[in-house]
Amino acid sequence: MVGEKLLEDQGKYGATTTQAVGPEGAKTDGTISIQIEGVSRTTMKKVFSFLLCFLLVFASLQLSQIQGESDENSLTPVELLGKSLFFDTNMSTPSGQSCASCHAPETGFTGPESDINAHGAVYHGAVVTLFGNRHAPTAAYAGGSPQLYYNETKGLWTGGMFFDGRAAGWTIGDPLADQAQWPLVTAFEMNNPFPVDVVQKVKISNYASLFEEVWGNGSLNDVGGAFDKLGKAIAAYERSTEVSSYTSKYDSFLAGKTQLTDLEVLGLKLFQGKAKCDSCHLSQPGPSGEPPLFTDFTYWNLGFPKNPENPFYNMSSKFNPDGENFIDYGLGNFLKNAGIMARNESYPPEVYEPELGKHKVPTLRNVDLRPNPEFAKSYGHNGYFKSLEEIVNFFNTRDVRDWPKPEVSVNLDSLFVGNLGLTSDEESAIVAFMKTLSDGYISEQLLIAVPEIVIAIVAVILATSVAIIALRKYKNHNRARSIGVG
Ligand code: HEC
Ligand code: HEC
């Protein structure tokens, strides 16, 4: 079939034979063989250039796949707008702080300063003497959280954003977009007095035209609308494949492309079994194959101790009336104040009291991602824990070893954590498994494969060239013989 097609094409280029081409013919009949030889050569050239084109396309596809993740062209306009806002250090008052100052890509969109993480764990705001009271969780993989609601079946509050759910999403409809507005106008973060000041900054930015391209001409003139749209753009970026990329070793394992080591497999089994981590940090794909988010967005008090180095304890009474007696009551505190903060609905004590001391289950994706092995990360709402080993040991032994007392001792969970009976080898296996959740593994694998791809391409080109040269030699030799030279 292919031979016939090539031969037909040959007609267009002036070949004189319509007979099938093959080494047999060349061998048996010298007269035809000169014509066939001509045909073969052009055909060979065609085959060769076809092969070359194919290889080039193949190679560029491979390379673009590798580049794809970090390629800005792969972001949609609204995601690109969100990215511009996320990294813009002019968005604070005074300027100098962006979202990325506390949520940097190299640490999985958490705090990028090892020294801070190793101690108080709370970052200062654009005004460097002002501190909030919690550490920065990851800004990635948060987009799956629904609006905060009470799940009757589970008997658990679910959804919302922040450790206490206060970016509930009730007004704007999307908790992630709701959340993005808060730091911009919070005194101990980016410190803009009002939304109008934020919108003014966008107006004079170099992406103001992109804003109008995405949201329509004049969209920056309506302050309330523009402030919501800005939140939505940031949320779109946080949901994009650049921030939430699902490229960990575990994702590759779930796709059947990578094996886990024996230790990691043991860790996964314990995570889903004896250690019960999976009850809150969901690790299995969803009903339609959605990759797991390692959180069910519910709230628990696991008894994490206070972090004595938290700089919030030293803040003035304007920000912290309780001084060093400050206690982080989490979700319960928000529900108690929800009337004034979001909905015009005040919750009675029977609703908020059972929630005092509870914090939202964080995702475990990128929990170990760090720029180098010496880089310190902190864990838990106040950053009390400084390593994965330590926090797993806490879950395992809270009730049987001498740990500092819980920050809040009411509503403490003992059903899932506190005394798991894990050996130290089992603790290590769980840590090893959590290390498979760092993004970048899949593109790393592709990069490792680059030399192999290049070698394969060169080898195919070489082999084809050698084959063509050999064939020509053979034919020349044949032709020479048929006219009586050889
Ligand atoms: C000064 C440091 C700082 C800056 C700047 C900052 N954040 Fe945060 N971020 C935090 C802290 C601390 C929390 C947790 C606060 C809490 O739970 O009360 C947080 C929480 C979040 C969360 C919630 C994640 C979850 O699962 O609940 C997201 C998303 C987020 N920030 C995105 C952003 C965006 C977008 C910006 C810029 C507009 C930003 N942050 C600016 C420190 C910061
Ligand atoms: C009952 C639900 C629940 C179970 C079971 C559970 N966790 Fe958690 N986990 C949470 C909550 C809630 C937090 C945040 C608590 C806080 O900050 O006060 C958390 C925090 C963490 C953190 C800190 C993450 C960060 O970025 O700060 C790690 C790591 C972690 N859990 C791992 C595990 C492991 C490993 C197990 C099993 C041994 C486990 N968890 C079992 C609910 C749970």
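Reply: Happy to! Let's start with residue classes: Ala, Val, Leu, Ile, Met, Phe, Trp, Tyr, Cys and Pro count as nonpolar, Asp, Glu, Lys and Arg as charged, and the others, Gly among them, as polar. Please keep in mind that this is a predicted model.

Me: What classes make up the shell around ligand 1?
Reply: The shell has 16 nonpolar, seven polar and four charged residues. Cys99, Cys102, Phe162, Phe163 and Pro183 come nearest of the 27 residues around ligand 1. Cys, Phe and Pro are on the nonpolar list.

Me: And what makes up the shell around ligand 2, by class?
Reply: Here there are 19 nonpolar, five polar and two charged residues. Helix H14 (residues 388-397) gives the largest share of that shell, four residues. Of the 26 residues around ligand 2, Cys277, Cys280, Tyr379, His381 and Phe416 come nearest.

Me: Why is Asn133 called buried?
Reply: The cut-off for buried is 20 or more other C-beta atoms within 10 Å. Asn133 has 20, so Asn133 is buried. Asn133 lies in the loop between helix H5 (114-118) and strand E1 (149-151). Beyond its neighbours within four places in sequence, Asn133 is in contact with Val122, Asn310, Phe312, Phe326 and Asp328.

Me: How do you know that the buried residues of H11 line one face of the helix?
Reply: In H11 (residues 262-272), the buried ones are Glu264, Gly267, Leu268, Leu270 and Phe271. Seen down the helix axis, they fall within an arc of 165°, so they line one face of H11. These buried residues pack against helix H15 (424-434).

Technical notes. Residues are numbered from 1 along each chain as its sequence is written. Chains are lettered from A and ligands numbered from 1 in the order in which they are written. This is a predicted model: local features need pLDDT of at least 70, side-chain atom pairs count only at pLDDT 80 or more; totals for chains, interfaces and linings use all residues. Helices (H or I, at least four residues) and strands (E, at least two) are DSSP runs, numbered from the N terminus. A residue is buried if 20 or more other C-beta atoms lie within 10 Å of its own, exposed if 12 or fewer, and partly exposed in between; C-beta atoms are placed from the backbone. Two residues are in contact if their C-beta atoms, placed from the backbone, lie within 7 Å. A residue is near a molecule or strand if its C-beta atom, placed from the backbone, lies within 6 Å of it. The arc is that of the directions from the helix axis to the C-beta atoms.
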